[in-house]
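Here are a few notes on this one, as numbered points. Have a look at the model first, then read on.

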Amino acid sequence: DAASLPPLPTTITVTGAGGQIGYALLFRIASGAMLGPDRPVRLRLLEIPQGLKAAEGTALELQDCAFPLLQDVEITDDPRVAFDGANVAMLVGARPRSAGMERADLLAANAGIFGPQGAALGDVAADDVRIVVVGNPANTNALIAAAAAPGIPSDRFGALTRLDHDRAVAQLAAKLAVAPSAIRDLTIWGNHSATQFPDVAHATVDGRPALDALADALGGAAQAAAWLDDEFVPRVAQRGAEIIAVRGSSSAASAANAAIAHMRDSILGTPAGSTSAAVVSHGEYGVPEGLVSSFPVTSDGSGYRIVEGLELDARGRGRLDASVAELVAERDAVRALGAL
Ligand code: NAD
Ligand code: LMR
């Protein structure tokens, strides 16, 4: 209902706005692709000092589009200015892993970014703010930001696994030679990393169980299981690395598209069936409370809620447990740094 919609104009903050994903994201937000054709937007672009010029260039091009919905654009390197009154915050900027950098160094660098940004969100964002973390390691960065903003209900924070979800839908659709729109209720579980579990056990294709459709297409249940284990799961889980290898840099337009879909569905509601997002666990499916893990989710417009009661078989359980173990290790590493 209209009561749960953000105010007009809607203030949207994008961090890392001068980067690749920012360049693919901002024009679509300003065109109305995220919140619809009737919703004026104000953009707040946060960068670090080295990134300000690139963000300024993007802002010049945004002006040149003369978007009817775009009311104004402000660029800053101060999180308190960038998040002031934000209804939507898309945290894209992060410290990339450089050659020779250990995982612990990466977590420390990102704790130094997402802690202060979370605190600034808690201090100055609008009361209805919703936040999606895109910058990697996205789940743990979201955990850090949420912990630094105790005044913001933790269910307003999410991390992006919609790209993994859409990748999985696309792979399954291609295998079955159906349109992606024929597929529903697929789930990404766990971390946005190579340990994630893309799960088709409850998915349907044109209303029929995906496992039956796969068995028919591939000549039996055993062949379907082999394709899922040997091709589908690793392809989806390693798609980010595949894009980096082929393209020479990490996914940008597809990541921006997924971030738009994540925020759109959270605010305007999921169409039919569930999607996937990393959200704070309350213990669902045995995922320790407080971890930011990907789950099957739906939204009625008031934010993502975890779909409960799905069954995981022993293999699925094992895959989810492995990804959760990685999330626990990331959380413990960040705790050891004193960032939680
Ligand atoms: P990029 O390097 O092109 O851009 C990142 C931008 O962030 C840079 O302009 C940089 O100056 C800025 N930045 C760095 N620290 C900042 C800070 N503290 N505050 C504000 N801005 C800051 O990278 P990209 O291709 O746009 O990717 C951004 C992030 O998204 C990376 O961490 C990448 O791994 C991640 N990513 C996530 C997914 C996902 O599905 N969750 C998919 C693709 C990429
Ligand atoms: C992706 O899934 O495309 C990215 O998270 C990959 C990466 O490491 O940036």
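1. Helix H1 (residues 20–31) gives the largest share of the shell around ligand 1, with three residues. Helices (H or I, at least four residues) and strands (E, at least two) are DSSP runs, numbered from the N terminus. Keep in mind that this is a predicted model, where local features need pLDDT of at least 70, side-chain atom pairs count only at pLDDT 80 or more, and totals for chains, interfaces and linings use all residues. Residues are numbered from 1 along each chain as its sequence is written, while chains are lettered from A and ligands numbered from 1 in the order in which they are written.

2. In total, 30 residues surround ligand 1 (C-beta atom, placed from the backbone, within 6 Å of it). Gly16, Gly19, Ile21, Gly51 and Gly93 are the closest.

3. Where does ligand 1 sit relative to the domains? Domain 1 (2–159) and domain 2 (162–334) both supply shell residues, so ligand 1 lies between them; the bounds come from an automatic or database domain assignment.

4. Now the sheet: nine strands, open, mixed pairing, in the order S3-S2-S1-S4-S5-S6-S12-S13-S14. Strands pair if DSSP finds at least two bridges between them. Strand S3 (70–76) and strand S14 (304–306) are the edges, each pairing on one side only.

5. Strands S1 (residues 10–15) and S2 (residues 41–46) run parallel, joined by six bridges. Threonine 13 is opposite arginine 44 in S2.
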